[in-house]
Amino acid sequence: MPDTRAAATALATGERTFIRPFRGEDADEFSASARESRHLHRPWLFPPDQPDAYAAYATRLSDDRDRHGFLVCSRFDGRIAGFINVNNIVMGALRGGALGYGAFAHAAGRGLMSEGLGLVMGQVFGPLGLHRLEACIQPTNTASIALVRRAGFRLEGFSPDFLFIDGAWRDHERWAITSDMVPGGAS
């Protein structure tokens with residue numbers, strides 16, 4: 001049965017998904033899904049897998065003007081399929097942000113994150129007023145690369161030792177999309 005209260009807070013709705021903000025009451029579902037999805041996320045991503053860690057994470061996303069967090073939820077049952085965050089938002093001449101995301105195991109491979117990313121891009125290039133969205137992805141994370149490629153991102157470069165993740169400096173490919181690359185996107 002769909003979670004109508006969660007759907008009522010939707011920022012945008014697609015055919016199979018909707019996106020909405022993080023909520024405090026999502027802590028148990030989110031952290032349980034993160035624990036069940038470790039095999040998908042590691043060694044690239046470490047989402048909060050305990051309710052108290054989720055609470056701190058969600059608070060940072062809601063309190064920091066330079067970040068926006070979106071939960072991608074299934075329209076069928078309201079379950080959280082994954083999350084997409086826009087971090088390090090810089091306005092002014094750049095009007096850009098850095099994309100971070102992860103799918104949960106029960107939703108992986110079903111196209112829900114692709115639809116959710118399209119909905120988030122509508123928010124990013126619409127109400128948030130950004131021009132550029134960048135995703136920095138470790139080259140071995142083929143699922144993440146496939147997601148941004150499907151969304152229309154272009155490969156812009158390679159950065160050795162770019163981010164400190166899981167105890168080491170990791171190389172990343174830099175993928176980006178600008179509002180003028182998206183049908184209906186602002187410029």
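In this predicted model, the side chain of His39 reaches the backbone oxygen of Glu36, at a distance of 3.4 Å. Where does His39 lie? His39 belongs to helix α3, which covers residues 38-41.

Is His39 buried or exposed? Its relative accessible area is 60%, and because exposed means over 50%, His39 counts as exposed. Please also consider His39 together with Leu11. These two residues are 28 residues apart in sequence, and from C-alpha to C-alpha they are 30 Å apart in space.

Let us now turn to the strands. I begin with strand β2, which consists of residues 17-20. Thr17 and Ile19 point one way from this strand, while Phe18 and Arg20 point the other way. Are these four residues of β2 buried or exposed? Thr17, Phe18, Ile19 and Arg20 are all buried.

Which strands does β2 pair with? One of them is strand β1, residues 12-13. Strands β1 and β2 run antiparallel and are joined by two bridges. Within this pairing, Ala12 has Ile19 of β2 as its bridge partner.

To close, I would ask you to locate two residues in the structure. Ile19 is buried and is the bridge partner of Ala12.

Note on methods: Residues are numbered from 1 along each chain as its sequence is written. This is a predicted model: local features need pLDDT of at least 70, side-chain atom pairs count only at pLDDT 80 or more; totals for chains, interfaces and linings use all residues. Side-chain values use heavy atoms; hydrogens and water are left out. Buried means under 20% relative accessible area, exposed over 50%, partly exposed in between (1.4 Å probe, protein chains only). Two strands pair if DSSP finds at least two bridges between them. A polar contact is a pair of N or O atoms within 3.5 Å; within protein, one must be able to donate a hydrogen and the other to accept it, and residues adjacent in sequence count only if both atoms are side-chain atoms.
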